[in-house]
Amino acid sequence: MRTFYSALWYLLLPFLFLRLWLRGRQAPAYRQRWTERMAWGYRPGTLKNSLWVHAVSVGETLAAAPLIERLLADHPGTPLLVTTTTPTGSERVKALFGERVTHVYCPWEVPGALSRFMKAFDPQLVVVLETELWPNLCAAVKRHGARLMLMNGRLSEKSYRGYSKLPRLVRPMMAQFDALAVQTPVEAERYVALGAWPERVHAIGSVKFDMTLDQALRDKAATLRTDMGARPVWIAASTHPGEDEPVLAAHQQVLASQPDALLVLVPRHPERFNDVASLIRQQGLSVARRSAAQSPAGVQVYLADTMGELLMLFGAADLAFVGGSLVPVGGHNLLEPAAWEKPVLTGPHLHNFTAISQLLDDAGGLSVVNNADELAATLLALFGDAERCRQQGQAAAAVVEANRGALEKGLLLISEQLTVNS
């Protein structure tokens with residue numbers, strides 16, 4: 001089965017390169033470093049006995065940041081390789097860790113590329129994040145003689161059903177994992193049903209609960225809030241195509257009752273920044289762009305068209321709507337605004353964060369809205385009730401505090417895998 005799977009990847013290569021070129025029209029970084037996608041040009045033995053952490057894009061990289069910091073501190077003599085698949089993820093790795101880690105793109109799921117990659121970076125342990133389940137990558141890791149671990153694993157019911165349809169491909173892959181640190185017992189059962197060894201699966205919670213809000217971050221958020229002025233401020237974070245329109249429509253309704261209200265709009269992907277700026281103006285709303293260092297004072301929409309600042313931006317707002325949820329993307333990290341004690345609003349599409357959203361909802365820290373009208377009504381209700389706003393924010397923050405600890409458990413599992421391989 002994997003032979004057929006690999007053949008498909010080779011057949012797809014021309015289309016994958018074409019896709020990079022087309023995406024590069026809006027995001028030029030996709031046309032750069034393309035040789036890394038095939039692991040061309042690496043020198044064998046570039047690293048020796050490395051620890052390889054694979055994320056995907058910005059969200060996974062930020063979730064893995066506390067883990068990577070601890071690995072750097074706990075294993076100073078071990079070369080640390082961090083890979084992503086997107087330019088935005090690459091930028092976050094460079095900004096957060098600089099020269100302290102080696103960073104390249106993860107190669108495509110092609111056996112030849114993966115073999116070259118293994119010879120170059122010689123991992124002793126590979127830690128993949130969340131749902132990075134790739135049959136050829138897993139096979140290449142084991143063929144190289146390295147240990148393989150899943151960290152912060154999640155698996156929605158939809159994804160589980162999809163994987164279940166390909167047992168001849170998926171079951172051998174799952175059996176190759178030496179350890180799986182997953183978020184919930186339900187997800188642990190799904191991984192076992194797909195072929196993971198039961199004794200290797202550990203439900204430890206989500207490392208996303210273990211984020212920290214240091215004083216420098218708090219000071220930066222407070223400074224931005226001062227610049228915004230004393231007025232109602234809400235943030236719509238990580239929006240996708242099809243969400244900006246209802247978000248702006250909701251803000252128009254908020255402005256009808258709260259004329260001085262400010263929306264901080266944060267599109268998920270940088271190639272959309274200019275289009276969203278044009279959309280805001282088409283709606284007749286005044287806008288300031290953060291990338292241009294324009295002041296948020298006096299405008300109706302503050303377009304946060306920068307990267308790596310979302311956590312800080314949550315701290316400057318009163319209420320937070322998290323995108324990827326009014327459209328069937330599956331949602332994004334609800335815990336970042338919760339950690340700031342902000343009431344959290346979201347759309348109904350939450351299949352990537354089922355357990356976390358349930359915890360927040362049960363605690364009274366989450367409001368689910370289905371459209372622009374419901375979003376506007378919920379915002380106005382919270383803006384008009386300071387006590388309800390405070391209680392909902394505190395309930396959300398309490399969920400974060402009560403579920404910390406997954407990072408330490410995951411680090412212990414990583415240390416055990418390194419010990420086995422030493």
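Modeller: What follows describes the sheet, then its helix.

This is a predicted model, in which local features need pLDDT of at least 70, side-chain atom pairs count only at pLDDT 80 or more, and totals for chains, interfaces and linings use all residues. Residues are numbered from 1 along each chain as its sequence is written, and side-chain values use heavy atoms, with hydrogens and water left out.

The open sheet is built from seven strands with parallel pairing, in the order β3-β2-β1-β4-β5-β6-β7. Strands here are DSSP runs of E with at least two residues, helices are runs of H or I with at least four residues, and both are numbered from the N terminus. Two strands pair if DSSP finds at least two bridges between them. At the edges are β3 (102–105) and β7 (201–203), each of which pairs on one side only. From one strand to the next the twist averages 20°; axes are lines fitted to C-alpha atoms, for helices over the stretch in contact, and angles run from 0 to 180 degrees between N-to-C directions.

Within the sheet, β5 (residues 147–153) and β6 (residues 179–182) run parallel and are joined by four bridges. Met151 has Ala181 in β6 as its bridge partner. Helix α2 (residues 58–74) packs on the sheet and touches β1 (50–54), β2 (80–84), β4 (123–129) and β5, where contact means heavy atoms within 4.5 Å. The direction of α2 makes about 175° with that of β2.
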